[in-house]
Each structure stands twice: as structure tokens, then as C-alpha cells.
Amino acid sequence: MISFIRLSLITSVLALLLLGCQQAEQRKQQQTEKTAIANIVVPKPSADSAFAYVKHQTDFGPRVPGSAAHEACANWLQQKLDVFTDTVYVQSFKTRVYNGTVFEGKNIIGVFNPQATKRIVLAAHWDSRPYADHDEDESKHRTPIDGANDGASGVGVLLEVARLMRLQPLDSNLGIDIVLFDLEDYGPHTDDRDRYGEDTWALGSQYWSKTPHKAGYQARFGILLDMVGAANPEFPREYFSQQYASWVLDKVWRKAFDLGYGAFFVNKPGSPISDDHLPMNQVAGIPTIDIIHLDPNSVNGTFFDGWHTSGDNISVIDPQTLRMVADVLVNVVYNEQ
Ligand SMILES: [Zn+2]
């Protein structure tokens, strides 16, 4: 009897201890789950906010190097990045364009977590083309364009992404650099085709890739945005992105597919595009992809219909496209922590 009582007492104590341990274990597990869930919470981009950032740029007018609109927009971009990011660099450089004119360019760079060695670079160009040289109306062939899609859309998406990263800070071990390139689009006028050369485009990126904002700068990978704002876009796997950074394409396209955007981030090869990602890959050595709207069936045979025309204005921008691209970007970035 006694022994039974003793035994049952011991058993009860053991059972209680065990229960206590199990409960503690359960609590620990729940906590771990909570932490895990907290880690993968990804902020949601706003279509309205992204659209407002695009419109603010086009409201300055064409951001052609040397113009007052260009200057005013540079100041505004610097102010926005000052609010959202930890450190801002404005990289001024002199460059000669295809026709011999020398301009002062500005690459504007916003940095999150400057101390982190693991880094990702997100880029777009903020200048707009000085010529509507593909307009169906020939009288407009020397008129500068608003570049709502060709330029402002990518910058608008990156400002939205930067806003979210300020609201919901990333882990301190992951650094993000938002690089807004100048002078991407001052390549030769179509009437000067003989002056064509790959090195006449992407002048801001060429400069930054040789002379980054920080000596010895490196990033694990890069994502460039160009023409990411029109309705029903098609983003194929652009040729140079495939050549230099196919694993980045895989990562980003898989994320887009998981988010339900597979109809837009299509798994088919795209033609080679001379864009800011070329110097980033070839000179800076950062595997970088270009998310770019390509359309072989358009009037120009390569890009969206309004490319390098007066029609590339705010009316072609679909806020939902901007939101989608921002959503893909934040989901890629927050899952790299
Ligand atoms: Zn362009």
C-alpha cells in the first residue's frame, strides 16, 4: 500500500514534471513559430503610393539632362531617399553624349543598413529620353518625352519599396542599395544611327559600375527595373540577364509565379537589351537582371507601343502593374534575410 502510494506519488510527480516539460517545450515551439512567422511577414505595397511617385516625376516635365526639370527632379529624389533610407549619396559626374555635348549627370543612391556585408542592389534610371524619335508624328522627333514608363515607372516602384523598408526595417544583416541612374537614355537619335554604339547608352550606370559610391562595393545580386508600369506587361527572361544571372532570374520569376503573377513574368526568352544592367554585370561584376517590358508584336518590334514616343506619358501607367512589381521585389528581398 505504502509502496503503491509512494510509487503513485513518484509517478504523479514524474508525470507532473513531464507535463511541465512538455508544456515548456510546446511554449518554446509556439514562440519559435511566432518568430518564424514574424520573420516572413512581407509588407504590402500600395498601388496609389507607387503611382503618386511616378506622377510626381512626370509632373516636373521631361527629365532631360541640362533642363530645369532634371535638376528639380534630382533634388526631389534626393529628399525622398533622405527620408526613407539610412544614407544617401549623390554621385556627380561629367559625361560626353554621342553628339559631343558634355553633361553633368547625377546618380542618386539610397542605402539601407550600410554596415551589412550581404547586399542587394535595386536600380532604375531617372532621366528621360530627349527625343520622341519613334513617334508616328515626325514633327515630334526632336521633342523630349515624359518617360512615364521608360524611366519614371522603375523609380516609382523603388521609392515605394524604400517607403516600405523604412516602415518595416529589414534585419540588420541585409543591406539594400537603391541606385537611381542618370543618363541612361541619351543614346543616338534614330537619324544618327551611324553613331550607334552600346557605350552611348547607360552612361550613369557605366560611371557607377567603374566608380561605385563606396570603394570596393559588392552585392550578391542586382535587379534593374525598366518600363514596369504599363497595363498587362510581359516580362520575359531578357537575354543578357539569362547570360549573366540566370539564377537571379530563376529566383525572381519563381517568386512572381508563387505570388500569382506568372502570366506577366513569363518563362520565355527575351531579346538582348542594352540597358543599365550591362555595365553592372560586365564592369561591376554583380549578377544583375533586367525586369523589362518587351513586346515583339508592338509597333516598334521590341518594347511596349509607346516607347520613345510622346505617348509615353502618365496615361499609360497602370497602378496595379507598379504594385505587382513592387510586391515581387519586397517578397524577394524580405526572404533574403
Ligand atoms: Zn528609353
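The axes of helix H4 and helix H8 come within 9 Å and cross at roughly 50° (axes being lines fitted to C-alpha atoms, for helices over the stretch in contact, with angles running from 0 to 180 degrees between N-to-C directions). That angle makes H4 oblique to H8, where under 35 degrees counts as roughly parallel, over 145 as roughly antiparallel, 65 to 115 as roughly perpendicular and the rest as oblique. The crossing of H4 past H8 is right-handed; a crossing has this hand if the near helix is turned clockwise from the far one by less than a right angle, and is left-handed if anticlockwise. On the H4 side, Ser 153, Gly 156, Val 157, Glu 160, Val 161 and Leu 164 meet Leu 322, Val 325, Ala 326, Leu 329 and Val 330 of H8 (contact requires C-beta atoms, placed from the backbone, within 7 Å).

The model is predicted: local features need pLDDT of at least 70, side-chain atom pairs count only at pLDDT 80 or more, and totals for chains, interfaces and linings use all residues. Residues are numbered from 1 along each chain as its sequence is written. The protein chain has eight helices and eight strands, taken as DSSP runs numbered from the N terminus (helices H or I, at least four residues; strands E, at least two). Of its 337 residues, 46% are buried, a residue being buried if 20 or more other C-beta atoms, placed from the backbone, lie within 10 Å of its own, exposed if 12 or fewer, and partly exposed in between. Among contacts in the protein chain with a separation of 6 or more, 80% are between residues 24 or more positions apart.

H4 also packs with helix H3. The axes of H3 and H4 come within 9 Å and cross at roughly 25°. H3 is therefore roughly parallel to H4. Lys 80, Leu 81 and Phe 84 of H3 meet Leu 159, Ala 162, Arg 163, Met 165 and Arg 166 of H4.

Helix H2, residues 47-59, has 13 residues and reaches 18 Å from its first C-alpha to its last, close to the 18 Å expected at 1.5 Å a residue (the expected span being 1.5 Å times one less than the number of residues). Ala 50, Phe 51, Tyr 53, Val 54, Gln 57 and Thr 58 are buried in H2. They lie on the same side of H2, because they cover an arc of only 155° around the axis, the arc being that of the directions from the helix axis to the C-beta atoms. The cover over the buried residues of H2 includes helix H3 (68-84), helix H4 (148-167) and helix H8 (319-334). Gly 61, with a positive phi near 95°, follows H2.

Most residues other than glycine have a negative phi. Leu 183 has a positive phi, near 50°, and is not a glycine. Leu 183 lies in the loop between strand S4 (174-181) and helix H5 (203-210), and counts as buried because it has 28 C-beta neighbours inside 10 Å. Asn 232, also not a glycine, has a positive phi of about 45°. Asn 232 is in the loop between strand S5 (221-226) and strand S6 (235-238) and is exposed, with 12 other C-beta atoms within 10 Å.

The loop between S4 and H5 also holds Glu 198. Glu 198 counts as exposed, with 12 C-beta neighbours inside 10 Å. The C-alpha atoms of Glu 198 and Ile 273 are separated by 9.9 Å, the two residues being 75 residues apart along the chain.

Technical notes:
Two residues are in contact if their C-beta atoms, placed from the backbone, lie within 7 Å.
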